[in-house]
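Hi,

Here's the structure I promised to pass along.

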Amino acid sequence: MASLEGCRCRGASGRANSSILYSILKSDSLGGAEKLQQHAHPHPHPHPTQQQQTTPGHALQKPPSSSSSSSSSSSSTCASALQELRQQQACSCGSTRRRGVLRSPQVTCKAASAVLVKTLRFVKNVPCFRELPEDDQLMLIRSGWAPLLVLGLAQDRVDFDTTETVEPSMLQRILTGGPERHGEAPAAQSRGAAGVSVVDIEAIKAFLKKCWSVDISTKEYAYLKGAVLFNPDLDGLRCLHYIQSLRREAHQALNEHVRLIHREDSTRFAKLLIALSMLRAISPPVVAQLFFRPVIGSVNIEEVLMEMFYGK
């Protein structure tokens, strides 16, 4: 475990930190992970697979630094899309009582587990992450594993089907409740079998469709992972300024890449930012409940993550 003598925050604005983040994201150590896609996801998506193609060597070099301010058209597109997203989230109409479970949990949970393994391997291969104090690493993993996993599901085009279940009303629970009889599952296990809110499932599916509609490339996924991993909005971070600089570098590198490769699309960077905002609205407990509870039961997902990442 590499540790810091104090913190590297005082060098956070220097060129060295920028090159560290840019080099690890540019190399994208998960580039060969596409080999697992044939058996990892149950429903291959028919969208084009341009993001699996290798970007020409001259396009991988970092372009000259430019202003990071977005155009007015990008800003208006982002604002209108965010407003639409809020309206969709606000119109749940009491449907929170509707819950859903995976239609094929064995297949989907296996695919999600494979994506989780690749996600943690990606995090391990980021040098500037391993240089952080262990306390900061733990906080970033706990806050970022779920959005990183869903981002990995989008990159590997893992689709899934759910079937709806109806949560019993309060009256039904009172009439059919009472003391637990022998052979009945504990209350916590019963709640786990009830699935998650249909609204939460639709939020995950909406994010996946958004990524597939934009046709995000492999390099863009890598930059998005960097922006998600280095989350400075957590209380108690020792290297807060350093982590802030790493997120800025991820956003800047993504913006420069989009300007270089997609010059004709002035709204692409705004669309990617909208996808990030949708991703942050997805709850980690929902991800654990939907994709891992059928496999690990009531086991704490964070304990599983620590075992996988640190071998503890």
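Glu220 has a relative accessible area of 0%, so this residue is buried. Keep in mind that the model is predicted. The partner of Glu220 is Arg268: their side chains form a salt bridge, with N to O at 2.8 Å. That pair ties together distant parts of the chain, since Glu220 sits in helix H10 (residues 218-229) and Arg268 in helix H12 (residues 268-280), 48 residues apart. Arg268 comes out at 5% relative accessibility, so Arg268 counts as buried too.

How many salt bridges does a search of the whole structure find? The search gives seven. Two others are worth a look.

One joins Lys205 and Asp159, N to O at 3.5 Å. Here again the pair links distant parts of the chain: Lys205 belongs to helix H9, while Asp159 is in the loop between helix H6 (134-155) and E2, 46 residues away. Both Lys205 and Asp159 are buried.

The other is Arg98 with Glu164, 2.8 Å from N to O. Are they buried or partly exposed? Arg98 has 36% relative accessibility, so Arg98 counts as partly exposed, and Glu164 is partly exposed as well, at 43%.

Back to H9, the helix that carries Lys205. Its 17 residues (198-214) should span 24 Å at 1.5 Å a residue, and the end C-alpha atoms are 24 Å apart, so expectation and model agree. Besides Lys205, the buried residues of H9 include Val198, Ile201, Ile204, Phe207, Leu208, Cys211, Trp212 and Val214. Some background on spacing: an α-helix has 3.6 residues a turn, so residues three or four places apart point the same way.

Both ends of H9 have something to show. At the start, a side-chain oxygen of Ser197 comes within 3.2 Å of the backbone nitrogen of Val199. Ser197 itself lies in strand E3 (residues 196-197) and is buried, given its 8% relative accessibility. After H9 comes Asp215, which has a positive phi, near 60°.

One last item: Thr108, in helix H4 (residues 105-124). With 2% relative accessibility, Thr108 counts as buried. Thr108 and Leu290 are 182 residues apart in sequence, yet their C-alpha atoms are 9.7 Å apart in space.

Cheers

Technical notes. Residues numbered from 1 in each chain as written. Predicted model: local features only at pLDDT ≥ 70, side-chain atom pairs only at ≥ 80, totals over all residues. Heavy atoms only, no water. Helix = DSSP H or I, 4+ residues; strand = E, 2+ residues; numbered from the N terminus. Buried < 20%, exposed > 50% of the residue type's maximum accessible area, 1.4 Å probe, protein only. Expected span 1.5 Å × (residues − 1). Polar contact = N/O pair within 3.5 Å; in protein donor to acceptor, adjacent residues only side chain to side chain. Salt bridge = Lys/Arg side-chain N within 4 Å of Asp/Glu carboxyl O.
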